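Dear colleague,

Please find below the structure that I am handing over to you.

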Amino acid sequence: MTGGLLAHGRLAGLDEISGVGVDAARGGFSRHVWTTAEFELREWFTARAARLGLDVETDRNGNLWAWWGAPGPDAVVTGSHLDSVPGGGAFDGPLGVVAALDAVARLQASGFRPRRPLAVVVFAEEEGSRFGVACLGSRLLSGAISGDAARALTDADGVTVAEAASAAGLAPEHLGRDDEALARIGLFIELHVEQGRGLIDLGSPVAIASSILAHGRWRLRVNGQGNHAGATGMRERRDPVVAAARAVLAVEQAALATEDARATVGRMRIVPGGTNVIASAVDAWVDARASSDAQTRALVADMEARVQEVVAGSGCTVELIEESWSGLVEFDSALAAQLVGTLGGVPLLPTGAGHDAGVLSGRVPTAMVFVRNPTGVSHSPEEFAEAEDCIAGVEALESLLRSVL
Ligand code: GLV
Ligand code: MN
Ligand code: MN
């Protein structure tokens, strides 16, 4: 019973959204929260869920919930997110949403009658690509970020979350911890494409997650002196771009010196940003991850010391500002073992990628299913999963849902 799931060699749901948010300039997809592409995905999800007879509601934080049966309590919730990184792949997020809808369709087609309510969820702004804080929807829901802190976040054009939420039809004053929505979740299972090489050599199309590295985001603010590119001699400058370049190398050195650590500068903003202008400031965002909270904190402290050292004497100043933090996640081991058993002994796999399931794991029983990615690449158009592995993922999710419903 796999034929109905496929179209053009991939899951039909992924095929249906393959034209949404295509980013011709970067390659891949750019589907940022509360933009035209993401609104289109929300509409697609609502229509898809309606075809299964599910009732869709948007919670106060912009997360979508499609209910099979009356909403909670003790609901089994599955799903993921539809937003993407800039120029992202087709699977990170959408695979978990499409697989959830397909698993529900298969349960319904088999005449299965759940004894608990079930919801398919789409969390908002999981990547933090527009407002900078990853998993914003699940953080707000669970109280990991306050409504006030979220409302004040801005995108690259200076639009605040409050303004964007209002334009999306939400009441921004109601953003924040949602105990009612949280209390309905009895169990959350997120299926996700594997984002590294973890499953390639394990001989299994799927795995159950064991843990997520401790990670966070910091902004390096480098201040210098704006000036004229032609009129200012090389020794008269206080150029923050040169200082930032040294800082980036120091960040790399700090990560290389810490076992199993990762640090990335994937985004920089040069102020004001003109070819014939020596900049006045640079913002460089650092994503840092390591295998425990303490190691990640130590990595960041080392990074900061190295950055200060290399910037000293340049005439520039630098400060490191924490923008978000996600402590180490160790998924409920008894639940993970139960799910591994239900799937006949699939591997347990740690990950370095963050997820809404990680944010929620401190509040509700949570588990994740990973689907093999033969490229081992993610957050890039090269991200991939074979159709048969995606179907194995849907089948695994269906079995898990069957076993807990
Ligand atoms: C999300 O994919 C993250 O790990 O940042
Ligand atoms: Mn991602
Ligand atoms: Mn994801």
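The C-alpha centres of domain 1 and domain 2 lie 32 Å apart. Domain 1 comprises 3-212 + 328-404 and domain 2 comprises 214-326, with bounds from an automatic or database domain assignment.

This is a predicted model, in which local features need pLDDT of at least 70 and side-chain atom pairs count only at pLDDT 80 or more, while totals for chains, interfaces and linings use all residues. Residues are numbered from 1 along each chain as its sequence is written, chains are lettered from A and ligands numbered from 1 in the order in which they are written, and side-chain values use heavy atoms, with hydrogens and water left out.

Between the domains, about 840 Å² is buried, with carbon and sulfur atoms giving 36% (accessible area, 1.4 Å probe, lost on putting the two parts together, summed over both). In domain 1, Gly132, Arg139 and Leu328 lose the most area to domain 2, together 51% of what that side buries. Six residue pairs, both at pLDDT 80 or more, are in polar contact between the domains (N or O atoms within 3.5 Å; within protein, one must be able to donate a hydrogen and the other to accept it, and residues adjacent in sequence count only if both atoms are side-chain atoms).

An oxygen atom of ligand 1 lies 2.8 Å from a polar side-chain atom of Arg289, and a backbone N or O atom of Gly354 lies 2.7 Å from an oxygen atom of the ligand.

With kind regards
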